[in-house]
Amino acid sequence: MRDTVLRMRTAATAEPDAAFWRPAQGPVVCLGETMAAMAPPPPHALDTADSLRLSVAGAESNVAMYLADLGLPVSWLSAVGDDALGRRVRAAVARAGVDVSGVRTDPARPTGLLLKDPGAAGTRVHYYRQGSAASALGADVLDDERIGAAALLHLTGVTPALSPSCRALVERALHTPPARRAHTVSFDVNHRPALWPPDTAPSVLRDLADRADIVFVGLDEAQELWGEHLTEADVRRLLSGPRVLVVKDGGRGATAFTERAVCTVPALATEVVEPVGAGDAFAAGFLAGLWSGTDLTRALRLGHLTAASALKVVGDHGPLPDADTVGAMLALSEQDWCRATAPWGTDPAASR
């Protein structure tokens with residue numbers, strides 16, 4: 001997939017929206033909790049399945065794994081328990097090509113666990129993460145040498161909801177004004193209502209997001225947090241601080257706002273096996289596009305392509321198409337892109 005990133009870099013000035021701020025090229029660090037995850041095989045629900053599939057799930061490590069797939073040098077920082085699930089989590093993320101040497105092992109706290117329960121109304125997720133190893137992370141993790149050498153640090157709104165020390169970590173990461181930061185900070189709002197005390201998430205997440213350089217937020221979660229009638233443009237007015245704001249509208253499309261441009265790219269028609277993890281995949285694709293120096297249109301397209309790989313598998317991390325296919329999709333005319341479907345076979349089992 002590194003060939004795709006190089007091709008994107010070569011084509012970076014092909015579009016009129018190419019001349020906008022981008023993060024510097026260099027190592028990427030993704031910081032946050034990853035849990036062991038269990039889910040029934042489709043089409044079963046949790047209460048009727050005879051077996052469960054064990055995998056790993058974490059917003060930040062999902063992003064890290066897809067960035068590695070796309071050829072970026074990336075590390076994941078977190079903590080896991082000194083247990084079998086923690087060892088499994090660390091090994092799974094490492095197999096994707098992510099540097100996990102900075103992941104801490106906590107001898108006193110367990111690795112978190114989640115259960116996915118697919119159903120006709122969507123997938124419910126049950127978390128067992130209170131008191132987990134990652135919830136004890138604090139601001140001192142930002143002193144890690146990998147962050148000191150990073151060009152980009154990726155965080156999400158899950159982390160500040162885990163504990164006071166985790167919230168202090170994210171606040172410290174975003175405390176320095178953008179012009180004085182040693183690296184770019186990317187922040188995915190990633191609102192998880194079950195993790196927040198009542199009436200606290202809207203103000204905290206808006207404040208944190210508005211201090212980041214690059215922000216991802218779903219239109220539906222923005223409406224849930226800050227007003228049910230918000231449009232994409234309204235979200236930009238609420239979050240005027242980020243240099244790049246991406247508002248995702250589910251299976252319809254995504255809009256990127258910069259100081260100089262607004263760009264909307266429709267999503268690809270995709271067969272959905274399981275939706276959890278698609279937002280993380282989208283963020284990774286878009287960040288890889290920015291990192292490569294390409295224009296907003298191709299960065300958004302790479303986000304949609306990467307998201308489609310997550311939509312087609314039960315787990316959070318699915319295989320991407322080959323570099324030639326991705327390159328061809330990125331080069332489509334606007335009309336052809338709008339008619340295109342995700343470039344995978346129709347059998348979802350082939351992607352698992």
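Two strands count as paired here if DSSP finds at least two bridges between them. Helices (H or I, at least four residues) and strands (E, at least two) are DSSP runs, numbered from the N terminus. This is a predicted model, in which local features need pLDDT of at least 70 and side-chain atom pairs count only at pLDDT 80 or more, while totals for chains, interfaces and linings use all residues. Residues are numbered from 1 along each chain as its sequence is written, and side-chain values use heavy atoms, with hydrogens and water left out.

**View 1. An open sheet of four strands.**
The order across this sheet is S3-S2-S7-S8, and the pairing is mixed. Strand S3 (53-57) and strand S8 (122-128) stand at the edges with a single partner strand each, so one side of each has no neighbour in the sheet. On average, neighbouring strands here are turned by 30° against each other, direction ignored. (Axes are lines fitted to C-alpha atoms, for helices over the stretch in contact, and angles run from 0 to 180 degrees between N-to-C directions.) Inside the sheet, S2 (residues 35-39) and S7 (residues 113-119) pair in the parallel sense over three bridges, and Met-38 stands opposite Leu-115 in S7. Look also for helix H3 (residues 84-95), which lies across S2 and S3 and runs at about 65° to S3.

**View 2. Strand S4, covered on both faces.**
Which residues of S4 (residues 74-77) sit on which side? Val-74 and Trp-76 are on one side, Ser-75 and Leu-77 on the other, and all are buried. Buried means under 20% relative accessible area, exposed over 50%, and partly exposed in between (1.4 Å probe, protein chains only). Strand S1 (residues 28-31) runs parallel to S4, and four bridges join the two. Val-28 has Val-74 as its bridge partner in S4.

**View 3. The largest nonpolar core.**
A nonpolar core is a set of buried Ala, Val, Leu, Ile, Met, Phe, Trp, Tyr and Cys residues joined through side-chain atoms within 4.5 Å. The largest one has 57 residues, and Leu-67, Trp-76, Val-98, Val-246, Phe-286 and Leu-300 touch the most other members. Helix H9 (residues 278-292) gives the most to this core, with 10 residues. Apart from it lies another core, of 45 residues, with Ile-147, Cys-166, Leu-174 and Val-189 among them. As background, nonpolar side chains tend to be buried together in soluble globular proteins. Zoom in on Val-246 and, leaving out residues up to four places away in sequence, you'll find that Val-246 touches Val-215, Phe-216, Val-217, Ala-254, Thr-255, Ala-256, Phe-282, Phe-286 and Leu-300. Contact means heavy atoms within 4.5 Å.

**View 4. The one aromatic pair.**
Search the whole structure and one aromatic pair turns up. Rings of Phe, Tyr and Trp (its six-membered ring) pair if their centres lie within 6.5 Å; planes under 30 degrees apart count as stacked, over 60 as edge-to-face and the rest as tilted. Phe-216 and Phe-286 have ring centres 5.8 Å apart and planes at 90°, so this pair is edge-to-face. Because Phe-216 lies in strand S11 (residues 214-218) and Phe-286 in helix H9, the pair ties together parts that are 70 residues apart in sequence. Phe-216 is buried at 0% relative accessible area, and Phe-286 is buried at 0% too.

**View 5. Phe-187 and its contacts.**
Phe-187 belongs to strand S10 and is buried, with a relative accessible area of 0%. Not counting residues up to four places away in sequence, its contacts include Leu-155, Val-170, Leu-174, Leu-205, Ile-214 and Phe-216. Phe-187 and Arg-211 are 24 residues apart in sequence, with their C-alpha atoms 9.1 Å apart.

Most residues other than glycine have a negative phi. Asn-190, not a glycine, has a positive phi of about 45°, and Asp-199 has a positive phi near 65°. Where does Asn-190 sit? Asn-190 is in the loop between strand S10 (184-188) and helix H6 (201-210), and Asp-199 is also in the loop between S10 and H6. Buried or exposed? Asn-190 is buried, with a relative accessible area of 6%, whereas Asp-199 is exposed at 76%.
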